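Hello,

Here is the structure I said I would pass on. My notes follow below it.

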Protein chains: 2
Amino acid sequence: MTAIAPRKPPRQNRSQQTVTDILEAAAHILEDRGLAKFNTNAVAERAGVSIGSIYQYFPGKDAVMVALVRREALRFERDLEVALAGAESLPLEAALTRLVRAAVDHQSAQPNLARILDIEERRLGIGTEVEATTQGTAARLAAFLDQRGVTDPAIAALDLANMARGMIDGALDADPADLTRRIVRAALGYLTLGSQAAGGP
Amino acid sequence: MTAIAPRKPPRQNRSQQTVTDILEAAAHILEDRGLAKFNTNAVAERAGVSIGSIYQYFPGKDAVMVALVRREALRFERDLEVALAGAESLPLEAALTRLVRAAVDHQSAQPNLARILDIEERRLGIGTEVEATTQGTAARLAAFLDQRGVTDPAIAALDLANMARGMIDGALDADPADLTRRIVRAALGYLTLGSQAAGGP
DNA sequence: GTACTATGTGAGCAATACCTCACATTGACT
DNA sequence: AGTCAATGTGAGGTATTGCTCACATAGTAC
């Protein structure tokens, strides 16, 4: 069928490796030195490639950021999937604990990177392709909540994710002890407490 | 007493007004055009002053940011104080609702500004004077929680603040309806649920 | 008017950033 | 060895930014 077929599958091994190197370098720079030091020259040097190579695989600096956001989002989604594997029969609190622990672990591994990616995701997300990837995670969480009979799974998924993110970001370098349990407590309250609870004097 | 007294009180009216203009311009630029467009030239133009004037009252660009963070933190603290005035006799949920509503209102007024200031506060807070101002708000919240007999008021104050901030930031431009009630539910769960609740099958 | 200080101005410097492009290198295939 | 396309290089163009400093203006006291 292909009238103009490439004569052979062009070896993508090298280039794929270069792309990986660039993303790895970008991640390390963001984690270790912050967003301000994240520039094309630094990334190229850390990756062991020239600046030109970056622009061979990415249309611009922001595209590297987008790729990083997507990669990390996919990894996190995979972690969530693992945490939820076989958790259908667990009681709500136990299942929530597995979810929250996955989130805490993910953010703990590279806290600065995770924070920066959250911020950049918002900045780049206005009208780009980033949202699609991130919404996969939200959809997975919403499905879990739906199984549990939560009234408004989509909104609840968003709220719980934002809640956990906020608490983790703020507490990681302050009071990390028992953080998972604290978050689970709040999540349980959000999910189980009725609209007007605890009114008595 | 004053051996070397200034011969008269130097009129601070003009300069005070210039400082206010600069801060107001900075706030508007951050809210309307984002952190990337926040540069000295833009601030000076928006404020109707020259670039030199900025450097007459601030040692650098970051100092403008710090001043903005402090101003907004003070305003928020004042809002919290108002919300808590006469709330001692209210039941926990009602008092929490007043607190959360104050936070939601504050972030809703200038959501982008609030988000950016949160981020910049963290970036600038490493070793500067910003922390002192922000910790005032946390201390006020901790005192409220202490009155209610909360076990670990300092940590709880931090957790609740981070929780609310995360949920508000994420939901403001998605599902603002009932946001206050949703946050209160999570906060109530955090505060009232025992360490190991809801275990039964 | 004169002197003096406080306040305001903005052209331009130094630094840095993103990105281009003409060129070098590599490696598969003949 | 020779050819060709894919891949890699990095000096430098262009643009922007934070900031300085020599100067102008305004207001007060005499």
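Two residues are in contact if their C-beta atoms, placed from the backbone, lie within 7 Å. This is a predicted model: local features need pLDDT of at least 70, side-chain atom pairs count only at pLDDT 80 or more, and totals for chains, interfaces and linings use all residues. Residues are numbered from 1 along each chain as its sequence is written, and chains are lettered from A and ligands numbered from 1 in the order in which they are written.

The fold first. Chain A has nine helices and zero strands (DSSP runs numbered from the N terminus: helices H or I, at least four residues; strands E, at least two). Of its 201 residues, 33% count as buried (20 or more other C-beta atoms within 10 Å of a residue's own, with C-beta atoms placed from the backbone). Among contacts in chain A with a separation of 6 or more, 59% join residues 24 or more positions apart.

Next, the core. A nonpolar core is a set of buried Ala, Val, Leu, Ile, Met, Phe, Trp, Tyr and Cys residues joined through C-beta atoms within 7 Å. The largest one holds 58 residues, and Ala187(A) and Ala187(B) touch the most other members. Beyond its neighbours within four places in sequence, Ala187(A) contacts Leu96(A), Val100(A), Leu160(A) and Met163(A).

Last, the interface. Here 31 residues of chain A are in contact with 31 residues of chain B. On the chain A side, H5 (92-109), H8 (153-171) and H9 (179-192) each supply at least two residues. H8(A) gives the largest share, eleven residues.

Best wishes

Key
A residue is buried if 20 or more other C-beta atoms lie within 10 Å of its own, exposed if 12 or fewer, and partly exposed in between; C-beta atoms are placed from the backbone.
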